[in-house]
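I opened the model to look up a handful of things and kept short notes as I went. The entries follow the order in which I checked them.

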Protein chains: 2
Amino acid sequence: MLLSKSCVYGLRASLYLSAKQDEYISIREISEKLDISFHFLTKILQQLTADGLMESYKGPNGGIRLSPKGRKATLLDIVIAIDGPELFTQCALGLPGCGSEDPCPLHESWLGTRTAISNMLEKTSLEEIAKEGKQNRFRISAGGTFNWS
Amino acid sequence: MLLSKSCVYGLRASLYLSAKQDEYISIREISEKLDISFHFLTKILQQLTADGLMESYKGPNGGIRLSPKGRKATLLDIVIAIDGPELFTQCALGLPGCGSEDPCPLHESWLGTRTAISNMLEKTSLEEIAKEGKQNRFRISAGGTFNWS
DNA sequence: TTATTTTAAGACAAAATAGTCTTAAATAAA
DNA sequence: TTTATTTAAGACTATTTTGTCTTAAAATAA
């Protein structure tokens with residue numbers, strides 16, 4: 001699996017929030033609409049909040065929203081916040097000493113491939129994806145029922 | 001992580017065997033040279049044997065070797081035998097209904113990226129990598145002590 | 001103030017992955 | 001035949017990831 005489940009949940013929730021305005025959205029709503037365990041999602045979003053990508057507010061009409069930083073962020077920022085940077089820094093075979101001077105058999109092509117992965121995640125901000133989403137009605141749930149409006 | 005640990009161990013053992021002639025190599029030797037748990041490696045290699053990519057022989061001077069099929073195989077064949085094909089067939093967000101008619105935000109670029117990954121793993125057979133390895137002395141262990149000879 | 005709604009935090013459980021250990025079966029050599 | 005060497009098989013443990021549940025803390029409104 002390229003991305004952990006936690007990471008995928010974090011990405012989908014970020015996409016959900018990107019379609020909303022600045023109001024706080026309850027995690028309960030997100031978890032129900034995207035069919036993700038509420039408590040599990042809460043933990044993941046706490047990470048993103050700690051990272052400054054989201055802002056939360058307690059109490060009635062509280063919830064979570066993307067911070068300004070989060071709106072400018074790309075999917076790569078979310079992935080690194082949750083799964084860490086290893087995918088984009090390490091040898092494909094996990095060999096500590098692998099490098100251009102002493103490469104594993106995959107070294108050269110892995111450099112290109114992992115750049116392709118990071119480009120894929122980096123090329124558009126959440127803000128921009130939200131715009132495209134409103135045009136293209138991108139799927140972000142298994143049921144495909146999310147309304148980008 | 002792109003590949004599971006089991007998968008990486010299987011790849012490194014395959015590369016080790018690719019450098020050898022047709023004789024049986026003991027799993028003990030591979031596990032010591034590549035610093036992989038012996039019993040764990042045994043299980044992984046049993047999978048590859050069951051898949052017809054390797055051949056094993058019990059008893060003194062027994063061991064394991066690549067089958068003719070295994071010599072012609074690519075790293076992609078090893079990866080699919082151990083981690084399964086999901087990485088190359090599924091949506092990046094794991095959404096069941098994602099497809100060109102109803103895509104997730106990553107759908108289009110993921111098609112290209114996952115092809116890049118599979119090309120990376122598919123472009124050379126173990127046989128060919130072994131030739132290159134003998135020229136380039138590719139690293140396949142953390143210590144980097146493997147002798148392609 | 002009191003009750004309600006929400007996130008925060010952390011204990012706990014379940015499932016998947018990774019790793020260890022013991023015994024069985026096959027083979028070869030003494 | 002007996003012993004040693006090797007893979008096969010499976011029970012078992014440890015760790016990581018995923019998921020659940022309870023309580024605390026903050027905020028709002030009655």
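**Entry 1. DNA strand D.** I began with A:Tyr57, where a polar side-chain atom lies 2.9 Å from a phosphate oxygen of DNA strand D. This is a predicted model, so I read each distance as computed from it. From chain B, a polar backbone atom of B:Gly59 is 3.3 Å from a sugar or linking oxygen of DNA strand D. I then asked which elements give two or more residues to the surface near DNA strand D. They are α1 (5–18) and α3 of chain A, and α3 and β1 of chain B.

I looked up the residues around the strand next. There are 24 around DNA strand D, and those that come nearest are A:Ser37, A:Phe40, A:Tyr57, B:Ile27 and B:Ser56. Of the atoms of DNA strand D that come within 4 Å of the protein, sugar and phosphate account for 65%. By class I have 8 nonpolar, 11 polar and 5 charged residues on this surface.

**Entry 2. DNA strand C.** I repeated the search here. How many residues surround DNA strand C? I found 23, and the closest are A:Ile27, A:Ser56, B:Ser37, B:Tyr57 and B:Pro60. Sugar and phosphate make up 67% of the atoms of DNA strand C that come within 4 Å of the protein.

A:Lys43 has a polar side-chain atom 3.1 Å from a base nitrogen of DNA strand C. For B:His39, an N or O atom in the side chain is 3.1 Å from a base nitrogen of DNA strand C. B:Lys5 uses a polar backbone atom, which is 3.0 Å from a phosphate oxygen of DNA strand C. The elements that each supply at least two residues of this surface are α3 (38–50) and β1 of chain A, with α1 and α3 of chain B.

**Entry 3. Helix α3 of chain B.** This helix came up for both strands, among the elements listed for DNA strand C and among those for DNA strand D. I looked at its geometry. α3 covers residues 38–50 of chain B, 13 residues in number. From its first C-alpha to its last I get 18 Å, close to the 18 Å expected at 1.5 Å a residue.

Which residues of α3(B) are buried? My list is B:Leu41, B:Thr42, B:Ile44, B:Leu45 and B:Leu48. An α-helix has 3.6 residues a turn, so residues three or four places apart point the same way. The cover over the buried residues includes α1 (5–18), α2 (27–34), β1 (54–57), β2 (63–66) and α5 (75–83) of chain B. Just after the helix, B:Gly52 takes a positive phi of about 85°.

**Entry 4. A:Glu55.** I turned to chain A and found A:Glu55 in strand β1 (residues 54–57). Is A:Glu55 buried, exposed or partly exposed? Its relative accessibility is 27%, so I put A:Glu55 down as partly exposed. The side chains of A:Glu55 and A:Arg65 are joined by a polar contact of 2.8 Å. Beyond four places in sequence, A:Glu55 is in contact with A:Tyr24, A:Gly63, A:Ile64, A:Arg65, A:Leu66, A:Ser67 and A:Pro68. I also checked A:Tyr9, 46 residues away along the chain, and its C-alpha is 17 Å from that of A:Glu55.

**Entry 5. Chain A overall.** I counted 8 helices and 2 strands in chain A. Their order from the N terminus is α-α-α-β-β-α-α-α-α-α. The C-alpha trace of chain A spans about 60 × 30 × 30 Å along its principal axes. Of the 149 residues in chain A, 52% are buried. Among contacts in chain A with a separation of 6 or more, 60% join residues 24 or more positions apart.

**Entry 6. The two copies.** I laid chain B on chain A and got an RMSD of 0.0 Å, with a turn of 180° and a shift of 0.0 Å along the axis. The two copies are therefore related as by a two-fold rotation axis. Which residue of chain B comes closest to the rotation axis? I found B:Leu2, with its C-alpha at 2.5 Å. The same surface serves both copies, as 100% of the contact residues of chain B recur in chain A.

Technical notes:
Residues are numbered from 1 along each chain as its sequence is written. Chains are lettered from A and ligands numbered from 1 in the order in which they are written. This is a predicted model: local features need pLDDT of at least 70, side-chain atom pairs count only at pLDDT 80 or more; totals for chains, interfaces and linings use all residues. Side-chain values use heavy atoms; hydrogens and water are left out. Helices (H or I, at least four residues) and strands (E, at least two) are DSSP runs, numbered from the N terminus. Buried means under 20% relative accessible area, exposed over 50%, partly exposed in between (1.4 Å probe, protein chains only). Contact means heavy atoms within 4.5 Å. A polar contact is a pair of N or O atoms within 3.5 Å; within protein, one must be able to donate a hydrogen and the other to accept it, and residues adjacent in sequence count only if both atoms are side-chain atoms. The expected span of a helix is 1.5 Å times one less than its number of residues. A residue is near a molecule or strand if one of its heavy atoms lies within 4 Å of it. Ala, Val, Leu, Ile, Met, Phe, Trp, Tyr, Cys and Pro count as nonpolar, Asp, Glu, Lys and Arg as charged, and the others, Gly among them, as polar. Copies are superposed by least squares on the C-alpha atoms of residues with pLDDT of at least 70 in both.
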